[in-house]
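Q: I would like to read this structure step by step. Please show it.

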Amino acid sequence: MSVLVYTESDNGSFKKIAFEVASYAKAVANQLGTTVTAVTVNTTDAASLGKYGVDKVLQVSNDSLNNFNAKSYANVIAEAAKQENAQVIIVSSSADSKYLSPLLAVNLDAGFASNVVEVPVSTAPFTVKRTAFTNKAFNLTSFSSDIKVIGLSNNAFGLVESEGAATAEAFAPALPESNVTITSVDKATDKVSIADAEVVVSGGRGLKGPENWGMVEELAEVLGAATACSKPVSDLGWRPHSEHVGQTGKPVASNLYIAIGISGAIQHLAGINASKVKVVINTDPEAPFFKAADYGVVGDAFEVVPQLIEKLKEFKAQNA
Amino acid sequence: MKILVCISHVPDTTSKINFAEGDTKFDTTGVQYVINPNDEFGLTRAMWFKEKQGASVTVVNVGGPETEPTLRKALAIGADSAIRVNAAAEDGFAVAQELAKVAQDGAYDLVIAGRESIDYNGGMVPGMIAGLTGANFINNCIGLDIDGTSVTAIREIDGGKETSTTSLPLVIGGQKGIVEESDLRIPNMRGIMMARKKPLTLVEPAANAAKTASTKFEKPAAKGAVKLVDAGNIDELVNLLHNEAKVI
Ligand SMILES: Cc1cc2nc3c(=O)[nH]c(=O)nc-3n(C[C@H](O)[C@H](O)[C@H](O)COP(=O)(O)OP(=O)(O)OC[C@H]3O[C@@H](n4cnc5c(N)ncnc54)[C@H](O)[C@@H]3O)c2cc1C
Ligand SMILES: Nc1ncnc2c1ncn2[C@@H]1O[C@H](COP(=O)(O)O)[C@@H](O)[C@H]1O
C-alpha cells in the first residue's frame, strides 16, 4: 500500500526533481499513514533517496533502458505499482515523465492529474490542487479511481529532508517490446535546461536582434541559469524553438525569472507565472510586465544588463 | 494514409479567466473559442501530408454542440470531414476513451493530437489514446516524416531534441515546430464556403469512463506591487535578490 514514486536520473545520477518528487511522496505517505517506495532505472546511489523520505528502492538495471523509452518505462513503473500494491503513484513534470504518465495511467486503469502543486487537499475523496488555464487559475480535481497517478509540477514542493535510510532491492520486470527506436539525441550537455533551471534569463524583441544575445548568455552563465525567449524571438529565428516560453511554449517554474526587453503579453505571462520571483528590465514603464513582476528596472537593456553582470560577478567574488 | 486530427476547443489565449456557480464552472461569458494552438500546428502538418503525399484528414472533437464552429474552422482550413462525439469533455481519460474508439472504428493510420490543451493543460489525451489503442506514440513532436508505414520523428526533450524511428499506426502529441508559425493558414472565403458542405458526423459516446472530476476553481492570490530599482543603482537589485527575495 506504500506510495510509489518514480525517481528520474541522468547518466546514473538522480536529477534534482527526483529528490523533489521523493520529498512530496513522503508528505503524501505521511497523510496516508504509509511508507514510500521509489523505483529507479540504472542508478547506483539508491541510498541518497533515504534522505528525502524514501523507505525502499526498487532498482532496475537493464542496458536496454539506457535510452528513455516511454512505453518500457511506463511498464516498469506499472509493474512496481502492482508488486507494491501502490494506490498512489507520483511522477515529476519533466518531458520524459509527462511522456510516460498517460501510458502508465492506462496500464493501471488509473486516473491521472498533472501539474499538481500541493499535497492532496483531502484523501477521502482523494483531491489534489493543480494549475489550469496555463497558470491563470487552480483547479481542484477529485479521483474516483482506486489507483491515482499524480504529476507534480516542477519546483512546486521543493526539497524536504527526512530522517531515515532507504533499503535497496533489485527489480527486474518483464519489458514489453518497443517499436520506437532512438537514432540520435542532440542535447547541449554544458547548458542548464529550462525545465531543470532554478534561474531563467529570458530575452524578448526589445533586444533587437540575435547578435545581441551575448549579454543574455553571459548573464545566464554568471547565474548558472537557463536561457529562454519570447515567442516572436523564436518565430523570427533569433533563438531556437526550444527556448520559446509561454502559454504555447515551454512552461517556466523557476525560483527566479529575469525578463529582458519582453513586454509581458498575457500569453507570455501565462507560461512563466509559476516562477517565484520575477524581475523585468524594460525601457517602457508602461510595459504590462511591470504589473506581474516583483522587481523592475525601467531602463535600456544594453546599459542595465552589462551592469548587472558586473555587479553579480562582484557579488559572487565576495560570497564565494 | 488516413489521418485523424484531435481538435480541442479552447478559450482564445487572451481570454480573461473567470468562474461561475460558486467557482465550480468556467465562466464562458464573452469568451472567444479557438482551435487549441498545438492542434492547429498538427492540423497544418496533416494538410501538408494530404497535399504532398496524399492523405485524407478527419478532425474530431469530444464536446457539446457549441464546439461545432471550431470544427467548421478546421474544415475551412482544409480537413475533409469532421466528427463530433456528443459528450461533455469531463476528464482526460473519458475523452481519450472516446477518441480511441473513433480512431479504431475508422482504422486511422496516424492520430495527431496536441502536446497539451491550453485550458485543462492535462497533457494526457494523446498518450492515453496510444495506450488504449496500442499504437506507437511520440510526444512533444516537432518533426514528422512518413514513408509508407515507416516514420521518423523528432521529439523535444529537456535541453534538446531526440530523433527516433517507428511505424504506423502512430499517435503524436504535436506542438510548434511540427510546422512553423508562418505555415499556419487563415481560412479564406472559398474554404469557409466549402466547409459548409463537408460532412460533420455526430457520434454518440460510449460509456463514461471518467476517473477524475473537477470540483472547484481558484484564482491565484493577488500580487503585491512591483519594487522599482533605479537603472543607475543595480547594486540595489543584487542586494534585494540576495537579502530579500533570497534567490541568489
Ligand atoms: C495564440 C498566441 C499564442 C502566443 N503564445 C505566446 C507564448 O507562448 N509566449 C510568448 O512569449 N508570446 C506568445 N504570444 C505572443 C504575445 O502575444 C506577444 O506578441 C509576445 O509575447 C511579445 O514578445 P516580446 O515581448 O518579445 O515583444 P514586444 O511585444 O515587441 O515587446 C518588446 C519589449 O521590449 C521593450 N524594449 C525595447 N527596447 C528595449 C531596450 N533597449 N531595453 C529594454 N527593453 C526594451 C519594449 O518596451 C517592449 O516592451 C502568443 C500570441 C498568440 C496570438
Ligand atoms: N475534448 C477533446 N476533443 C478532441 N480532442 C481533444 C479533446 N481534449 C483534448 N484533446 C486532444 O488532446 C490534446 C491534449 O489535451 P489535454 O490532454 O487535455 O492537455 C489536445 O491538444 C487535443 O489534440
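A: Gly78(B) follows H2(B), and its phi is positive, near 145 degrees. Helices (H or I, at least four residues) are DSSP runs, numbered from the N terminus. This is a predicted model: local features need pLDDT of at least 70, side-chain atom pairs pLDDT 80 or more, while totals for chains, interfaces and linings use all residues. Residues are numbered from 1 along each chain as its sequence is written, chains are lettered from A and ligands numbered from 1 in the order written, and side-chain values use heavy atoms, without hydrogens and water.

Q: Which residues are buried in helix H2 of chain B?

A: Buried means under 20% relative accessible area (1.4 Å probe, protein chains only), exposed over 50%, partly exposed in between. In H2 (residues 68-77) of chain B, Thr70(B), Leu71(B), Ala74(B), Leu75(B), Ala76(B) and Ile77(B) are buried.

Q: How is the size of an interface given?

A: Often as the accessible area lost when the parts come together. Here that buried area (1.4 Å probe, summed over both parts) is about 6800 Å² between chain A and chain B, with 58% from carbon and sulfur atoms. On the chain A side, Tyr99(A), Phe133(A) and Tyr295(A) lose the most area to chain B, together 11% of what that side buries.

Q: How many salt bridges cross the interface of chain A and chain B?

A: A salt bridge is a side-chain nitrogen of Lys or Arg within 4 Å of a carboxyl oxygen of Asp or Glu. The rule finds 8 across this interface. Asp235(B) forms a salt bridge with Lys311(A), their closest N and O atoms 3.6 Å apart. Helix H3 (residues 95-108) of chain A gives the largest share of the chain A side touching chain B, 8 residues.

Terms used: Helix = DSSP H or I, 4+ residues; strand = E, 2+ residues; numbered from the N terminus. Buried area = accessible area lost by both parts, 1.4 Å probe.
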